[in-house]
Amino acid sequence: MTVEQPTEESVEVPARDWFQSAVVYQIYPRSFADSNGDGIGDLRGIISKLDYLHRLGVDVVWLSPIYTSPQDDNGYDISDYRNVDPIFGTLEELRELTDGLHARGMKLVMDLVVNHTSDEHPWFVESRSSKDNPKRDWYWWRPPREASTDGSAGGPGAAPNNWGSAFSGPAWEFDQATGEYYLHIFSRKQPDLNWENPEVRAAVYEMMNWWLDRGVDGFRMDVINFISKDTALPDGPIAAGMLYGDGTPFYIGGPRIHEFLQEMHREVFDGRPGPLLTVGEMPGVTVEEAILFTDPERAEVDMVFQFEHVALDQEDGNKWRPKKLKLTDLKKTLGHWQTGLAERGWNSLYWGNHDQARAVSRFGDDGKYRELSAKMLAGVLHLHRGTPYVYQGEELGMTNMTFGAISDYRDIEVLNHHREATTHLGHTDADVLAALAPLNRDNARTPVQWDASRHAGFTTGSPWIAVNPNANHINAAAQVDDPDSVYSFYRAVIALRHSEPVVSHGDFTMLLPRDEHVYAFVRSLPETKLLVLGNFSGQIQEVALDDADVPVVWDSAELVLGNYPADAAVPRLHLRPWELKVFRAGAAHTIHHE
Ligand code: TEU
Ligand code: CA
């Protein structure tokens, strides 16, 4: 691996755009580091790893939810927004973590889950208590649409519409006490908040301000494009083989979404000195919509998580019907997002998170070429224009997990699907397990592998979910001091983003759109250009760039980043299996923030 040390030229970057040269690291606390031996990661465990994160070079840490929660969806079901669940620690420990990050020049972004609460949140407990409770309209309550087919209250066919839940089953739960249904796009323990109600919005903004006043530096906003819904709640189309209707056309990107986000910005972010970071998780969002969401002039969010590139390896977007990814499809969609947000707005960049399979297993080769492909994936992603997100363990080249039986799984999405598929859809246990394996969320939720000791140094107790046995050779202890490790490569890529304005601010031009093996693009500023070449195959590839792509400068360009030892005998445009080559033409820089 080679890393060219930048020369002395420097450029000024507007503070407003600080996140454009920043890298975010996502922690899923439950699986990160356990400090008290209960088998569940916690805040004190994170505090013990702050120097590991600082050495990696990341600028921001995004914490998945640590609030009080029954843990039905591992904390994405919140019952007290202003407290830390005892399994993770205390508000005082969160203060210690926040101070520890700030002392190291890093920032803390919290996970904002306000499309829904837990059914144990006091707001919902009050709302369900009676039809005339003042908080009744804080959620989506509707009477049975018609008599159920078997005549029983809440029986089949009586739900207000035909929508299915994202976690299998219907999206409506019948509440005997008041004889009405409530809406839950996710689990029945995650009732949707009614954002049409201004009291709900005010309560959310008040909570957000409470967190910002405590020194938090921003929010990742969970399914935030679901908060505006078609208030008619019409039936959705029922796809072949499905039991329920698809409600997404009626709750994704609804009629008031921009109004709500602009109101949130006025009530929460306007006037704050910052710098802050907001990223909206938006399943189903299009580039055209993302321009509106992320145009700074519209004051909505800084960036969004889009889902197009993580739907390419699924038949009809169904994660339980995985299919082979085509590199040309990946280049087409990521290139489309680069072009779409080139003038207005900003991209996030990610291969994985706590909902997606491990990057090296999904987009690389987690066998013979695991380390090489993990490094190549890092270089290709991080050298796009946008803010990169590193998901815990990705910097170590952690892989998917082999789960032997349904009892090995923990994720409600998996368990509910398995139950529905084997009891209502006639699938066998073996068929469902095979379908689950590639893309289930627990692949990414096995404990971070710190060393080769028992339970990979994650816990001294019994882990809440099994540790991947490959921790015996894939772990942080084996990598942090190895200059050729995946961890060290991530450090180098992050350092390049921090030093080269062409990485954060350069134009993006995709090359070789029809090549099924090589990912190639150019980043350019007037005085500096990068040519990024990634071999997404286990075979040698000779790159044929046509003259227009290869200005004469490449012949003298220097190799500033590579995942193989430099070898002058290897032709410049010859790529070995999973090889990354990054050439720089023109001036090298260092960035000094104003
Ligand atoms: O995820 C929203 C979401 O769309 C995911 O359910 C994703 O589409 C799915 O998992 C892919 O299979 C957010 C959180 O990231 C997720 O962990 C929560 O389960 C969900 O919202 C509900 O809060
Ligand atoms: Ca613990």
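Start with ligand 1 and select Glu413: a polar atom in the Glu413 side chain sits 2.9 Å from an oxygen atom of ligand 1. Before going on, keep in mind that this is a predicted model.

Now show the surface of ligand 1. On its own, ligand 1 would expose 490 Å², and the protein buries 91% of that.

Next, bring up the shell. There are 17 residues around ligand 1, and those that come nearest are Asp73, Asp222, Lys319, Asp355 and Arg441. Colour the shell by residue class and you will find nine charged, five nonpolar and three polar residues. Asp73 places a polar side-chain atom 2.6 Å from an oxygen atom of ligand 1. For Asp222, an N or O atom of the side chain is 2.8 Å from a ligand 1 oxygen.

Last stop: a sheet. Switch to cartoon view and look for three strands in the order E7-E9-E8, an open sheet with antiparallel pairing. Strand E7 (141–142) and strand E8 (172–175) are the edges, each pairing on one side only. Select residues 180–183 for strand E9, which pairs with E8 over four bridges. To finish, pick Glu173 and its bridge partner in E9, Tyr182.

Methods: Residues numbered from 1 in each chain as written. Chains lettered and ligands numbered in written order. Predicted model: local features only at pLDDT ≥ 70, side-chain atom pairs only at ≥ 80, totals over all residues. Heavy atoms only, no water. Near = heavy atom within 4 Å. Polar contact = N/O pair within 3.5 Å; in protein donor to acceptor, adjacent residues only side chain to side chain. Areas by Shrake-Rupley, 256 points an atom, 1.4 Å probe, with all protein chains shown as cover. Nonpolar A, V, L, I, M, F, W, Y, C, P; charged D, E, K, R; others polar. Pairing = 2+ DSSP bridges. Helix = DSSP H or I, 4+ residues; strand = E, 2+ residues; numbered from the N terminus.
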